[in-house]
Structure formats: C-alpha cells, structure tokens
Amino acid sequence: MVSQIRPAIVMLLVMTAITGFAYPLGMTGIVQLVFPDQANGSLIEKDGKVIGSRLIGQAFTDPKYFHGRPSATLAPDPRDANKTVEAPYNAANSGGSNLGPTSKVLIERVTAEVGKLKAENPATPVPVDLVTTSASGLDPDITPASAAFQVPRVAKARGLPEDRVRQLVESNTEGRTFALLGEPRVNVLQLNLALDGLPVR
Amino acid sequence: MTINGWLQIALFCAIVTALVRPLGGYMTCLFAGERTFLAPVLEPVERGIYALCGVDARQEQHWTGYAAGMLLFSLASVMLLYALQRLQADLPFNPQGFDPVSPDLAFNTAISFATNTNWQSYVPESTMSYLVQMAGLTVQNFVSAAVGIALAIVLVRGFVRRSVSTIGNFWVDLTRCTLYLLLPICAVATLFMVWQGMPQNLNAYVDAATLEGAKQTIAQGPVASQLAIKMLGTNGGGFFNANSAHPYENPTALTNLVQIVLIFMIGAGLTNVFGRMAGDERQGWAILAAMAVLFLAGVVIAYWAESAGNPAFAALGVDGGSGALQAGGNMEGKEVRFGIANSALFAVITTDASCGPVNAMHDSFTPLGGAVPLTNILLGEVIVGGVGAGLYGMLLFAILAVFIAGLMVGRTPEYLGKKIEAKEVKMAMLAVLILPLSILGFTAIATVVPAGLAGPANAGPHGFSEIFYAYTSATGNNGSAFAGLTANTMFYNPTLGLAMLIGRFLMIVPMLAIAGALAAKKAAPAAAGTFPTHGGLFIGLLVGVVLIVGGLTYFPALALGPLVEHFAMNAGTLY
C-alpha cells in the first residue's frame, strides 16, 4: 500500500499536465487557427458590434419579429441574491423548466400562451413547440409550423404581403442533414435579420 | 413515431455495430501490452510516465495490490479536485472571477467526477472557472473512465488466466488506456465538434446587444475538449447547465449523432475484447445481444411515449401531431433541432451507459418516457453500460445467470471453463445487492425528513420520482437528473456524495475479488454437459436475470412514482 503512494500522486500530476493542460490548451490553439469563427462562439456582428450568436436564441417580443420558443431560464434577483427571477434566453444560465407532465404550473403556463396565440391567429392550431419551453432555454430554432403560424402577424406589423414573408421563411428553413438527421427548423435570429434586411416600402 | 425517426435510430445501431470489431481488436492489443500504430509517437511519453512514477511496467499485481493502487489514486483525485474548486478564486483561467466553491458542493463534485458519475448540483457557467473545468473535471473524465475500462479488463483476465495470482498492473493499464485509446479519439472528436460550431476558447463571456436592444451575456469556454471526453468516457458532466441540450454543447443533428456513438463505442467494443480474450468471439456477441434486446425495448417505449405527448396539451387545442412541418409530441424540455426521435434515443443511450448527459430534460418527459431512463439505471447500467463498468456489471449478472442455470439442472455452474463456486456467487450478490440498499435506503430517508422533502420542484408522484431518480443516478454513477430537484443543499450534497462512493467502490472491490479468485483457478475443458454461454438460451436467461433482479427489487418504487403519474396524467389529474 505504502509503495503505491508515490505513483498515485505523481500519476495524477502527470495526467493533469497531459489531459488537463496540454490537451485542452493544444486543441484551443489548433482550432483558433483552423476554425476561428466557430471556436469563438459563431458570433454575428453588425457595424462592428456583437449582436448575438447564430447558435444562441434571443428573446423577441416585438410583433414585427418572429418569436422564439418560451424560455425558462432564470437570473439572480437583483434585490435578493438567494432568489431568482425569470430572464428568458439568459445565455449565462442555461436550463429548462423541469416541470413534469402533470404539473399545474406547466398547464397554467401553456393555457396562457395558447390563449395569447389564438387571439393572434385564430384560424390555425397552435404548434406544440411554440408553447413549450426548450431544454436549454436558448433554442435558436422554431419548427417550420411555428414560423408559418406567425407569418400573418409579422406581415401585418411590417406592412408586407404575407407571401413575401412566407417566401423568406422558406428560404431560411433548414432541412434535415443528409435528408435524414435531425428535424427541419428555422433559425429565428437569422430569419429576423433577413426580415430587417428587406427593402422598406 | 415516424419512418424518419426509426431510420435515424437504425443508422445509429448500424454505426455502433460496425465499430465493435475494429475497436475490440485494437483494445485487445492495447491491454495485452502489444505495440499499436501510435507507438512511435506515444511510446516515449509512456516510458517517461513510468519512470517519473517509479513503476516497473513488467511487474504485475495481486488483486489486492491492484485495488489498493486504484483506491489511492481515486483518493488523491478527490483531494486535488476539492482543492482546485476551493482555491479557484486565487488561480488563473477565471475570467468571470468566480468565488470559491462552497465546501459541501466541492465535496459532492469531487466525488462525483472521481467516481465517473458527474452528477452536478451546480450551474457550471456561473460556478466553475475554466481552470477547474480543464485541470479538474476534464482530467477526472479521462482517468475515471480509464479506471473503469481497466477494471473490466481485469475481470476478463480473471476468466481467461489459469492458476496465476496476478491480474495486471493498475498503473500500466491506466496509462495505456488514457494515452492510446481516450486521448487520440478525443482529439479527433474535438476538431469535428468545433467544425460543427462548438466553441473552444478561453475568452471572457461575450456581451451582445440583441436585435430588440437588450443585453445578452453569452457564456464561452473550452467546451469541445471537455465534451469529447465527457461522451467517450461516459462521464456526462456538462460544460453548461443544459448539458448536451445547450446549442453550444450540441449545435447540430450531426454532432448529436456523433455524441451518442461516442457514448456507446467503447462499451460495445469491450464485449468484443471479452470474446477475443476468451478465445471465442461468440461469447462477446452473446453479451452484446443481451444488451441489444434491453436497449431496443427501452427505445421503443421511450419513443412511443414521447411521440404520444401530453394529453393535457391536446385538450387545450395544441397541435402535437407529427408531420412535414413539425415533429410534434411532448416538446416541453426538448430542442427543435433534435425533435422527439433523437431526444428519446439520447435519453435511452445516456442511461443505458452510465453516461448521464442529456439533450432533453428528463424531468419533463411523460411518465412512461421518463420511467425508461430511470429503469435503465436501476437495472445496473449493464446495457452496454459505462466504459468498463457496463461489461463488469453484465459479467456479474452472467455469473448469477450460470449459477441459476446450474441450480436448475443440479450441476456445478461453469463460465468460460471456470467453476463458479460459493465465493464468486457471494461476491457477485454483494456487488448486486449494494445498489438497492443505497438507492432505496437514501430515497426512503429523503422522503420523510423535511430537508429531503424541501428538494423536489414538482408536487405529487413526480416529486417522488425526482428524489428516487437522484439517488438512483448517484448510486449508479450515472449523473443525469430529474433536474427540478434542488440538490445543492446541506442534505442532498453529502448524501448523494455518499451514494456515489457506495455505488462505485462497494461494487468494484467485490468484483476485483472475483477476478482474483477466478484467475487462481484451473480451467476445466468443456464437456457434453457444459451449458453453452454463446447461444440464444443463455442470452434469454441473462436478460431474464437482469430484468427479474432489477424489476422485482424496484417495482414497488416505480409504481409509486412513474406508474401512478401515468394514470393520473391520463385521468387529467394535476398536482
């Protein structure tokens, strides 16, 4: 037992040097050269300022923008550090609602969301992803069904024909990888950037 | 459920199956001490490590010496990881200026990562400095995985060696596994992940001015290098709180596929190592087949339950059907890019292996969908399982299976020519029984003391499931969670820490004793009366033993949680 104390300690230090420093720092060096954009968070800049990341969803409430999914992320309460307050799309504190399927809180929340959305577009059934929170609270995507649901509102708020907005949604819809993997999706931030880029009439 | 969903699941199965033989062959060479194609680069490093540590690579150890080395190394690991967390405020690579981690949380986390559990009572992006993530957590991800693999190899050596008193050298197995197996695969996986969009930097968090003019602080860090080993080593501790659901930690459908393959590849390959070392690859395929039966059953149930969705949503007029424009189903706590099929598949894989990352929140699964990951861990994570831990766990069940078969026909049971006698069966029972003692014992305590009852976020049967899942995950060294439970408390941090220690070491020591006892035995040649352990009958018996031991032990607890909730949900009861 005693003879193994030295290997136990030295081995741990050597492994820390190799797998805890050489490996992560070496990989950081390589990818900063080869894939600098991705390695630094796929950030989007406009006029020299960072306006977000392609991969991270943002909170949208303005009717002229497409809205992402509800987000359950929290932030520390500025008045009491031991409590938290709702802070949708807080990219420094990811997480889901963790509400189970029989939770009263969950069903009340969904009921309220459905009510709001039905008032906005009574003709179409509400797609499920538009009233449920994502696992990360940072989901950058909505389903094509949820994008289609919001087209009338956005078109009206912008004074654009619905077909024009629908076209834009289609060109911003990403299909399955190799026509097989994942699910079709629309990146909300990129769609909204494309909307803002449309010529104003 | 859709055809596309099943095709994605089939593709995953095909890739893992195709990797079994190549990886099995490579690992067999590796642990036999042969030179591999990476030797020209890595052999000098390997020799340097032995010289520094004062280890004679040719000197093999008795099982007690092997166990002592493993325990001392784990103790040193816990102490270093605890110290790093407590001192992080005064150490470099802390751009966000995080405070020292509290003592109870640091204790819990140190044990969690040293035991390959990776249970996380904390939010990483607001708690841990980059130094702790790299030099603490990433290191433990490597070495705790290597320890698990080494232990499985030792048990196999016990079966195939004859009349010897040694079972290998712990330091050599640990070093070779880390250098030749884990590091190279992780380096390639890191490059792939970053190419697909995963960050790998040491920058401070980025402040973005959003389109609507708000400020959004976006967490950064060396994500990819930690993610690669978190998957490959079946560790599971997320760089971010949302783990592999976070768009930075699993940006695309392709990264998702590679991540689940990384979880299963070594565990599945080890069954082939077992077969090759035993001189009959069919023995390995039989073990893998038993695992596959249990795996597929889990996938079918979870995928069906999550596709069916929550009837309470349908009652509100929400469209949860699957079609060309949406995946539908129970989307609470799931990401759009993964939909239902990939979320259900990931949940089954992460709990079949003792891995524990999530790409969807298990807490928000439907009752039966959530019961599948829970049951997978309860069965002992022997369905492919944690790297190494899955194989040695399944071999313990195999010992019980041949013992039961022997009782039925009145013959001394044998496995791979070794007589299974009282000592081996006692030790196997000890290893198998310690799990329910910890899981059910701690759950029972937590459901009666006020400090335990303060934990669950959900009321009713779901709250019970949250507590039950926590101790199951800790004891099973899984690390996934019904994450609504507030576990960062003076009650849960120490008790979960204890459960992790019990689940890891009180299972390993009897297992090593079996390995030592088996290695010392002579081998008996197979005779006409020998029960063949590579056929359908054995596979069926093995699956039966796993299900009966797991099912009967835990059925009452499962009935109180997920089953009650399932009927409540269909009756429209809310809590």
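A residue is counted as buried if 20 or more other C-beta atoms lie within 10 Å of its own. In this predicted model, B:Asn477 has 30 C-beta neighbours inside 10 Å and therefore counts as buried. This asparagine is placed in the loop between α16 (461-475) and α17 (492-519) of chain B, and its phi is near 55 degrees, a positive value in a residue other than glycine. A positive phi, near 65 degrees, is also found at B:Asn116, which is placed in the loop between α4 (103-114) and α5 (130-160) of chain B. Because B:Asn116 has 32 C-beta neighbours inside 10 Å, this residue too counts as buried.

The contact between the chains takes 91 residues from chain A and 109 residues from chain B. On the side of chain A that touches chain B, the elements that give two or more residues include α1 (5-34), α3 (104-120) and α4 (144-158), together with strands such as β2 (49-53) and β5 (126-127). The most is given by α1(A), with 20 residues, and the residues of this side of chain A divide into 48 nonpolar, 33 polar and 10 charged.

Strand pairing is found both across the two chains and inside chain A. Inside chain A, strand β1 (residues 43-46) pairs with β2(A) in the antiparallel sense over 4 bridges, and A:Glu45 has A:Val50 in β2(A) as its bridge partner. The hairpin of β1(A) and β2(A) has 2 residues between the strands, and A:Asp47 takes a positive phi near 55 degrees in this hairpin.

Methods: Residues numbered from 1 in each chain as written. Chains lettered and ligands numbered in written order. Predicted model: local features only at pLDDT ≥ 70, side-chain atom pairs only at ≥ 80, totals over all residues. Contact = placed C-beta atoms within 7 Å. Nonpolar A, V, L, I, M, F, W, Y, C, P; charged D, E, K, R; others polar. Pairing = 2+ DSSP bridges. Buried ≥ 20, exposed ≤ 12 C-beta atoms within 10 Å, placed from the backbone.
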